[in-house]
There are 2 protein chains.
Amino acid sequence: MARQARNWLIPSALVLFLCVFLLASRPFYSHSNDALPEAKVAQSRCQAPRKNIWADLNDAEADGLLEFLYTKPNDLNLTRVDNATTWDNHIALVEVLPPNKTDALEFLQSNAAPQRWARVVINQGATDKAGIVQYMVGPLPASEDTQILPLTYLYNSGRNFVRNPLPDFESIVGWFSDLGEEVSDMIKDLLGEVVNPGHIANAPPLLALARPAAWENDTISSWASINSPGVRFDAWSLMAQGLYCRFTISGRDSSKWKINEWYYNGIMYNSTESFRDAWKSGKVEKLPPNRDGSWTASEPLAKGLPDRDMNAPVMIQPEGSRYKIDVEENFISWMGFEFFFSWMQATAVSIWDVKFRGDRVAYEFGLQEAIAHYAGRDPMQVGMVWMDSLFGMGFNSYELVPGYDCPSYATYLNASFHQGESTITRKNALCVFEYTADSALQRHTTPTHLTISRNNYLVVRWVSTVGNYDYTFDYIFYLDGTIEVKVRASGYIFGAYNQLERTRTEHATELSKRGEVPEYEYGYQVHDLVASSMHDHEINFKADLDIAGSENTLYRVSVEQRDHKYSFEDFSRRTMHLKHTPVETETGLDWPTNAGEMFVVLNNESTNAWGEKRGYRIAPGTGMGAPTRLTMEDSTALAKSAKWAERNLWVLRQKDTERKSTSEYNSMEPKDPLIDFGKMVDGEDVRQKDL
Amino acid sequence: MARQARNWLIPSALVLFLCVFLLASRPFYSHSNDALPEAKVAQSRCQAPRKNIWADLNDAEADGLLEFLYTKPNDLNLTRVDNATTWDNHIALVEVLPPNKTDALEFLQSNAAPQRWARVVINQGATDKAGIVQYMVGPLPASEDTQILPLTYLYNSGRNFVRNPLPDFESIVGWFSDLGEEVSDMIKDLLGEVVNPGHIANAPPLLALARPAAWENDTISSWASINSPGVRFDAWSLMAQGLYCRFTISGRDSSKWKINEWYYNGIMYNSTESFRDAWKSGKVEKLPPNRDGSWTASEPLAKGLPDRDMNAPVMIQPEGSRYKIDVEENFISWMGFEFFFSWMQATAVSIWDVKFRGDRVAYEFGLQEAIAHYAGRDPMQVGMVWMDSLFGMGFNSYELVPGYDCPSYATYLNASFHQGESTITRKNALCVFEYTADSALQRHTTPTHLTISRNNYLVVRWVSTVGNYDYTFDYIFYLDGTIEVKVRASGYIFGAYNQLERTRTEHATELSKRGEVPEYEYGYQVHDLVASSMHDHEINFKADLDIAGSENTLYRVSVEQRDHKYSFEDFSRRTMHLKHTPVETETGLDWPTNAGEMFVVLNNESTNAWGEKRGYRIAPGTGMGAPTRLTMEDSTALAKSAKWAERNLWVLRQKDTERKSTSEYNSMEPKDPLIDFGKMVDGEDVRQKDL
């Protein structure tokens, strides 16, 4: 069962995201890659101008690394994954440790390849304080010079360790099962109808969905919502039943773990015993069951539309692709753009050394983190916040659907990851395609002629399915040199159990006193007993622009109202003008009200033919309004783990030691995270620096 | 020449937008419709469920109306357009006066068609105070009951007349020609090289582009920029030469008109004489000429890209259209949406009686106005503001290019207008098509299956080419019920003559004193002597939503940070919640910072199956950030003519007398416009009212 459990939750992801309750027997969330078709590879290959130094370890490198770790004596005290018990150390994952920019830039100038190093993540079970520990190993391939060093230089906490109950995963599952047994009579009475409603063999009858929690005083304490798995398993996040429990895991001895409280129908019970006493004496008023059914099926909503069965318009590529790909080096070229890309397990796809018409415009664009921060009035929703790099936005990138996720003529590429001691390949996980917008890039009608240009663009896309959510991520390249990152969210919401009529009654009096309309405060009712739970999505991308060289300055160009008397007029006029202000020190910026300010990265030392500085504007992108920052400052649930989410745009100096805005393990110790982004913003001068 | 002049500028457009200078001989901006191909009509026709009561007058109605006006005695004192002189009254245009909503709603319920009325716009030259006067004539077809009434009920000024020098257009052209003769030696010396640089026969050698101006104290006073027409005529808005003059037109006697000032190279000359004196004595320092050339050609920018000549991806419609059109009634149906549309000369396309799955969700969506408000430091740019309904955003909708403006499989429809006493048809001016987005509408990967839906949408599109600008307007309909209006601007910018190096020198000292960087304050240098001129675009659409009936309420749903101690926790938590606040009285709203507020139009009396009120959210749409409001409040150039531009969204009660937010003649009397939007916002209760 150990292997299954590890496959079920990715090893690094155990903050008790999904716990199988009552009758946990086998993983229900697993992906088989066997049945996937072969990746379709572009007919138009090309040769990258140089090696991709950011690429993940290939299989030979990974194998060599494992051999090195197991043959050369070291202090890691590793046990092979297949033999590891709860009280052993084993390898969670290995992947490339990308080169420092300092070294990479040298390579880009001289072609002197930087050393290859690996990041090795170990599940440490062999000590009392179980957790996750990280090392850097290199240079590779292994030689006399190869070292194993604590990976601390990327983490401004100075640590390479986070505490985590992962090694005790089986114990936790077992403990929950025992607990399930203990309360099964009560649960069956209260929730009977929604216990394994799909009658699926070997399926978990109920799910205990716990919200993230951190060690504090040698204890992890978290609330779990008891959800029905739904009839088809896929709507579990809509299947809250209004029953919640708080549990405590202290140390590694499961006999000391306990359920602290039960919360049901608005009433708190301070122990399982007091909950049972109330239930036995008939004092627990049953909530209506939140039943799964056809309403959770993601089928077309409207029936009977006569034209629905006709084929919709479809994009074709009559002459083959106009982009070129070097599949070995993950290099893409299209209409003057050239760039490399790489996969990481936590953060999926980054692009590197982005050139437009021969000039490097960016060293790196890379996804860092995606947060969903909820609010609500039950113990689950109120503290729920997911930081999805923990679950692996790269690792959880599954097969794309040709003709739906991307055009059928797109090029589909595989991604591979080294987890445990094996290689896991996600077939057709990335697509590359050119598309033609429904409107022109440029047009003008004149009396004598008309000019018009099609708006073609190149998309590099993958989808990360992290539990209930599917994020579709795009890097998009436009003919005018614009580069856009775009994120779309789909999947199932994380619903809250809610009775709208009850809410209205309860709140009506209080609210009407304040002259407000009595409404549920955290969302809208979307089914009989389910309310949408309001939540903020914050997605963080790193953009390391290099405009005509690495030394750049960020200007705020503001559009300001102006009262001015011009020399050729005899009155003062109300008009407007531009004001250019360089940002002097590291800071966070917000998208301005009324687009009244533009953020432009310039190189002060480089001017174009007409004397203007060369630069790139940073804009909110094309979507629904401007992307948002977190509604709250100092969120209780986030603590210090994601200070980047509080502003829209940050400008910082590039440093080899500040490569990432966050670590995927930040949510495990939010009050003392591996990387505290807030500490990076430390007043350094950012004028004509590498940003 | 009278006819030509009238064709060249649309009759109502004479705020001296383009004046041919020196040798004005014939119009250079005219469109021939003869060569256009026949409109392609959808293979999928349908029958509208009822008559389109908003449609423009058909030819029979227009002919009957003209006959009525010329045969039945009246006080209009009309002269046939072909015979009209400067001192006659003639018909500028006739079009439908759409029914009042009160009557239309009755029709939609009972099918009792409202009366047909026409709006008749007359160029009034037969009096000392020349101008434009409007009448309403109906019911049509003409009968004993048909009346001619001043059209005042739509104008909160109470007037149906605006003063305008239009009847004197020929005199103005003649006066400018004479003036050109008078100064031709000086002009040829200063600007010789750019005088008719294309050597095109019968072309105007130079253009005097005047900015809008209004009558004040019986006088129109405006600045004009002397521009080169460019070698191909289409880049005239980039061809400023740094020479400007201010002229005054007082009354109707051209002998009393005069040039007040010349402004050249930063120096003001108080009369033509003083300018000539300075020139003769060699005191006028010549500015370098702003030459047209290949740089103004809108050709592909990049050459030599190897894949450029391959065909790009293209959308096809393999099984024909899934939308249905009633071409006679201008009715469209697609995937549960049904609506009518109509053309107006000033404001192009409105859509009416919009239903989604059988329920009316909107009575009307209609373009009202498009403003471009400039700023700059020369006499032209500093006061330049265009309100494009004046030029006719409907009338200036020309042929769309299949495969570029819209897919080649789109349905292309003609538009017709009654100007003067003729019918002018714009072939293929509107396109309707379905498109498939490059990404899915919905997707979710589960362990056992995957669901995904294509994102198809319907577009209704036209392009208004108003001088240098091409606006592409879309009404877009999505499968989830969303309706979007979208506007894209292309064409040529209105450039300012600017010498960047000189700007730097002049301003450097002053700016560096204030610690600022010396930059041009109004744009960026885009060529040797041309700077982009900063300008705000404001586009106003009317949305008359009817959600489950006409009585609706607009709620502000705000996402607020909240500190709260929940009953099941022992500490106060920083989280967030929603707050619903109805808007009580007519007001303007701005898109909120950080998307921290949603605007939702609800019907308080109608709830869905789960007890939530039915409604539509009003959001900024999909584009670059949120659409902006005007940077300035109380712009000098706009005065009271466009108060709507100062906020993003206005909520007002629907009134038959407040049908439009502006009149196309507002820019002729900005201080006392026909419609002052500001006066409409007068504190009326908007809770559960027709909004």
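**Exercise 1. A strand pair across the chains**

Task: In this predicted model, find the residue of β13(B) that stands opposite Val314(A).

Solution: 
- Start at Val314(A); the residue opposite is Ile316(B), in β13(B).
- Now widen the view to the strands. Strand β13 of chain A, residues 314–316, pairs with strand β13 of chain B, residues 314–316.
- The sense of this pairing is antiparallel, and there are three bridges.
- In general, strands of a sheet pair through backbone hydrogen bonds, in either a parallel or an antiparallel way.

**Exercise 2. The extent of the interface**

Task: State how many residues each chain brings to the contact, and what area is buried between chain B and chain A.

Solution: 
- Count residues by chain. Chain A supplies 149 residues and chain B supplies 148 residues.
- Turn to area. About 12500 Å² is buried between the two chains. Carbon and sulfur atoms give 56% of that area.

**Exercise 3. Charged and polar links**

Task: Determine how many salt bridges cross the interface of chain B and chain A, then check the pair Arg562(A) and Glu521(B).

Solution: 
- The count of salt bridges across the interface is twelve.
- For the named pair, the N to O distance is 3.4 Å. The cut-off is 4 Å, from a side-chain nitrogen of Lys or Arg to a carboxyl oxygen of Asp or Glu. The side chains of Arg562(A) and Glu521(B) therefore form a salt bridge.
- Polar contacts are counted too: 57 residue pairs link chain B and chain A, with both residues at pLDDT 80 or more.
- Next, look at the side of chain B that touches chain A. Its largest share, twelve residues, comes from strand β21 of chain B, residues 422–445.
- By class, that side of chain B holds 38 charged, 50 polar and 60 nonpolar residues.

**Exercise 4. How the copies are related**

Solution: 
- Compare the surfaces. Of the interface residues of chain B, 100% are also interface residues in chain A, so the copies meet through the same surface.

**Exercise 5. A sheet within chain B**

Task: Give the strand order of the open sheet of three strands in chain B, and name its edge strands.

Solution: 
- The order is β25-β27-β26, with antiparallel pairing.
- The edges are β25 (496–497) and β26 (525–527) of chain B, each pairing on one side only.
- β25(B) is joined to strand β27 of chain B, residues 530–531, by two bridges.

Key:
Residues are numbered from 1 along each chain as its sequence is written. Chains are lettered from A and ligands numbered from 1 in the order in which they are written. This is a predicted model: local features need pLDDT of at least 70, side-chain atom pairs count only at pLDDT 80 or more; totals for chains, interfaces and linings use all residues. Side-chain values use heavy atoms; hydrogens and water are left out. Contact means heavy atoms within 4.5 Å. Buried area is the accessible area (1.4 Å probe) that two parts lose on being put together, summed over both. A polar contact is a pair of N or O atoms within 3.5 Å; within protein, one must be able to donate a hydrogen and the other to accept it, and residues adjacent in sequence count only if both atoms are side-chain atoms. Helices (H or I, at least four residues) and strands (E, at least two) are DSSP runs, numbered from the N terminus. Ala, Val, Leu, Ile, Met, Phe, Trp, Tyr, Cys and Pro count as nonpolar, Asp, Glu, Lys and Arg as charged, and the others, Gly among them, as polar. Two strands pair if DSSP finds at least two bridges between them.
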